[in-house]
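Visitor: I have not looked at this one before. Can you walk me through some of the helices?

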Number of protein chains: 2
Amino acid sequence: MSVTAPKGFVASGVHCGIRKKARRDLAIVRSLERATGAGMFTINRVQAAPVVVCKEHLAAAQPQAVVVNSGNANAATGANGIAHARATAATAAQMLGVSADEILVLSTGVIGEPLPIGNVLNGVTAAALQLSRSGGGAAAEAIMTTDTYAKEAVAHGSGFTVGGMAKGSGMIHPRMATMLAVVTTDYPLEPGEAFDFLAPAVDASFNAISVDGECSTNDTVVLLANGASGIERTPESDLQFAACVRKVCGELAKQIVADGEGVTVVAEISVRGAATEPQARAIAERVATSPLVKTALHGHDANWGRIAAAAGSAKFDGGFADLDPDLLSIVIDRVPVFVDGAPTGDEPELANGSCAIDIDLALGDGAATYLTTDLSYDYVKINAEYRT
Amino acid sequence: MSVTAPKGFVASGVHCGIRKKARRDLAIVRSLERATGAGMFTINRVQAAPVVVCKEHLAAAQPQAVVVNSGNANAATGANGIAHARATAATAAQMLGVSADEILVLSTGVIGEPLPIGNVLNGVTAAALQLSRSGGGAAAEAIMTTDTYAKEAVAHGSGFTVGGMAKGSGMIHPRMATMLAVVTTDYPLEPGEAFDFLAPAVDASFNAISVDGECSTNDTVVLLANGASGIERTPESDLQFAACVRKVCGELAKQIVADGEGVTVVAEISVRGAATEPQARAIAERVATSPLVKTALHGHDANWGRIAAAAGSAKFDGGFADLDPDLLSIVIDRVPVFVDGAPTGDEPELANGSCAIDIDLALGDGAATYLTTDLSYDYVKINAEYRT
């Protein structure tokens, strides 16, 4: 259900032949009532054609539907790629009776190969005809790439619902990389408000996970709100809605991390006591993306020396984030391993599944959390394989 | 020979038992004439005890000798670690008849375990008694950790010599990480000048290589100059000396990269046309440390899409380095794969050994070069293994 759990949304997922295997590769999510919306996009300087087109459309109109294809990222495809993304939106608009700039287009898959536009346009036509209230599952399936299961989440507020689907990034096939998420809600929002609710939720979820530290050309998160719940807004309901968006984004982000191929450990890095919150984040991200920390996690080695070394080299503001080694403390799975700059001699045995790494800098109030994974043989294998 | 190739230097390498295996683990390099010198150190906020002590000593005196141990990094060892580093310097000073602050102490090996100070002090005594003109090779051996061969380089100017030894970083055993280098010369320098010659050479060599993107707690490069060549300095000889230091540092850096365990490809990333030189460097470093680029190299996959995506996400000055995808061109092993923002359809077959990646941003005059390696199964294996 996911994206069709809120009232007034329909979805579908079809196989149109972008992918050779007979599996769904194109999805549409549509609001049946006038929606408002927002998108957040990769900050990579190399942006895929659909990202460029989405930004144009969001600047011009409120989004009413989203078309997502897997199997081809339509990235690094030049002017042809832009034309293909526009043609996809135009065809969807015609089928759905809205204007082209009310359509958002998302793509994921191989970079640098032309989008098979004939298949895509046939797929859009077919998917538009299959839109239904029960199509959320098919849509979530259609956007999967190397994901081993469809990623869906739903949160219920008092009289309204937030739903979402996502596909993972990292642990990805050659030339594939993207995190995509579509979040829907029947909560009523005014035009322009969607971004204010989406941005903090994305920051605390999709922007606080790392599998391999890469930032793709296609990463996109979209929120559509159609007000079909019919509820009256209050300051309290707004808070509840914000919490629901955060919950859906958080659950999708956790599923993305846990589903990385070859992942045996999901580690939560918590930093506190940093000079500022941005510095806490820089340190958490540095530890979360350190190959030495991640290979140690794979070996179930509570290697706090590597954690300290990574924390001490977190780039921030042209230098490194503030860290006084004599004040630094590290706790792994509740066992203090390094306290006030000195090793304790204790170390936990790491188990399969999860690991909690707490880093206290004792400098200020800055805190941040980051989810990461181990770096496995399989990551290298999957990403080193020749394209076939 | 290496560090003892220049006149007036002696060295030795002994086994003192820091390492269990019967192999050399402690080295001394000493100038027989009054030397001047400089050191460059890790910028990690977590600095090993020997780094702290070296900085103190360089602020107080000109270095006359260097003690290096492998097998234990004396890092994250608190106040005891500082005391151990000072004791090492004091013992060496006594044996060599200089003052303690004229001794530099370098350590590499396990982080977070106490230095076996008894072994170290016995080793210093033994090594001091074995110093000789032919001891350069034994010293280079004694500083090896997972290196498969000793790293040495010599460059000859007109009437003077520069020699150097180094040990590698990256592809390293659990809790081991460090790049150490000692460079010696009989060229005459005034106190304070050594840094001016060392810094640009280190920037173009040790600071432009990456195996795993980690910045250790112990990285140190030291230059000692004793003037024993007796030559007269001229502006021309200064230029020649600078070139010799650059050559020795460059050769040592290349050996470090090529000797990474499991490395099958050494790639040279050349960026030009960047807005500025620091931006070129940020982009080259980002591509050189991208796990997706490095795993593609391991698979001998000329995956320019990943190169473009990495280049587009190079952090710089609080944002990303300037890059216009429509002006971007990428050439791999002389085959243009992406020109002015569009794929050419051509791709080279990557061979074992080396790979040249040229990235042209067509924005300005900024250029930079970076050496990197593939990310291999062995990297994960070595770094995931339980400590034994």
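The chat below goes through a few helices.

Guide: This is a predicted model, where local features need pLDDT of at least 70, side-chain atom pairs count only at pLDDT 80 or more, and totals for chains, interfaces and linings use all residues. Residues are numbered from 1 along each chain as its sequence is written, with chains lettered from A and ligands numbered from 1 in the order in which they are written.

Visitor: At what angle do the axes of α8 and α9 of chain A cross?

Guide: Roughly 160°, and the axes of α8(A) (residues 291–298) and α9(A) (residues 304–311) come within 9 Å. That makes α8(A) roughly antiparallel to α9(A), a term for angles over 145 degrees.

Visitor: Which residues make the contact?

Guide: Leu292(A), Val293(A) and Ala296(A) of α8(A), with Arg306(A), Ile307(A) and Ala310(A) of α9(A). Contact here puts C-beta atoms, placed from the backbone, within 7 Å.

Visitor: Switching to chain B, which residues of α5 are buried?

Guide: In α5(B), residues 194–203, the buried ones are Ala194(B), Phe197(B), Leu198(B), Ala201(B) and Val202(B). Buried means 20 or more other C-beta atoms within 10 Å of the residue's own.

Visitor: What do the buried residues of α5(B) pack against?

Guide: They pack against β3 (36–41), β9 (220–225) and α6 (235–258) of chain B.

Terms used
Axes fitted to C-alpha atoms, helices over the stretch in contact; angles between N-to-C directions. Helix = DSSP H or I, 4+ residues; strand = E, 2+ residues; numbered from the N terminus. Parallel < 35°, antiparallel > 145°, perpendicular 65-115°, else oblique. Contact = placed C-beta atoms within 7 Å. Buried ≥ 20, exposed ≤ 12 C-beta atoms within 10 Å, placed from the backbone.
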